[in-house]
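Q: Please go through the labels used for this structure. Set each one against its definition.

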Amino acid sequence: MIFEKEISVKEILQIIDTEAVVIGNDNENVLGINEIHMVQNGEITFVDNPKYYEKALQSKAAFVLIDIKPENTYGKTLIVVKDPFSAYVKIVKHVRKFYPQSTFIHPSAQIGEGTILQPGVFVGANVKIGKNCIIHSNVSIYDHTTIGNNVIIQANSVIGGEAFYFKHRPNNCWDKLESCGTTTIADNVEIGALCTIDKGVSGDTFVGEGCKFDNHVQVGHDTHIGKHVLVGSHCAIAGVTTIEDDCIIWARVSINKDLVVGKGTVLLATSAIDKSVEAGGKVLFGSPAIEVSKKWRELAALRLLPDMMQDIRDLKKEITELKKQK
């Protein structure tokens, strides 16, 4: 997320309002805030897990909220604090404040010519909706969402809701990582009823041109879906996933986070994947999903097991009888 106005390091220290040590150049301004995997030049990120220290320090970030003093700063300005997660959240809340809305359509919303909003549609601040769209009743379109032309959204769907992202604390508490990202729906997309597409935590959740969703589809934060992807009902797509062009995902498919589903992949109904899939039009089935021809052979073999077990029992019985005859 790029700030509307640059923020100095001194202002950052005031915002986080906690004991901190600055290592490096504290005269530069911070341009934006982002997570490690998408942070850009001039932006600030955070890290509080030893597993990701090096990734953060070698990222594009100019500023890092961190809870150690590393030997090598890689030329970055570090803000050393006890709890980088909480400091990050304070910055997000400062730059992306929540303002209650008293009308269904926010005055700042831009709605294109020929677009129809059915009764009960909620449109938040800084939303852009293109031309000739049909948004059916009780759809909620959260702040900072962009919707292209000729888009259809069926009733009761939620576009741009907050990311499901929490940090576990002692005493079984969960701290929320506040979202400051966006959601983009490209042209000619159709989204079914009761679908939910979460905004990015700090980046963009994107649904590409010509995608078609059935009802009850969940898309997690920062996920990027390419062009002409078909998604069946009751699918769950986790955050930070990339689904490339021309994929077909049938009903009740589950896709784990941080994966890439290659171009042209077909995932048959009720499947689940926990590893990336290479492009090339593979057809997969099962949980975890494998190539369908192999899965059919596996299932055929499983159907033979009861008869095979009976044959084994009969053989054991014959062997026992033969031993008795000796």
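Q: Which helix does leucine 305 lie in?
A: Leucine 305 lies in helix 4, residues 292-325. Helices are DSSP runs of H or I with at least four residues, and strands are runs of E with at least two, numbered from the N terminus. This is a predicted model: local features need pLDDT of at least 70, side-chain atom pairs count only at pLDDT 80 or more, and totals for chains, interfaces and linings use all residues. Residues are numbered from 1 along each chain as its sequence is written, and side-chain values use heavy atoms, with hydrogens and water left out.

Q: Why is leucine 305 called partly exposed?
A: Its relative accessible area is 39%. Buried means under 20%, exposed over 50%, partly exposed in between (1.4 Å probe, protein chains only). Leucine 305 is therefore partly exposed.

Q: Which residues have the most contacts inside the largest nonpolar core?
A: Among them are Ile185, Phe213 and Ile255, in a core of 40 residues. Such a core is a set of buried Ala, Val, Leu, Ile, Met, Phe, Trp, Tyr and Cys residues joined through side-chain atoms within 4.5 Å. A second, separate core of 25 residues includes Met1, Phe3, Phe46 and Val201.

Q: What makes strand 7 and strand 30 edge strands?
A: Eight strands form an open, parallel sheet in the order 7-10-13-18-21-24-27-30. Two strands pair if DSSP finds at least two bridges between them. Strand 7 (110-111) and strand 30 (260-261) each have a single partner strand, so one side of each is left without a neighbour in the sheet.

Q: How do you know that strand 10 and strand 13 pair?
A: Two bridges join them, and the definition asks for at least two. Lysine 128 has threonine 146 as its bridge partner in strand 13.
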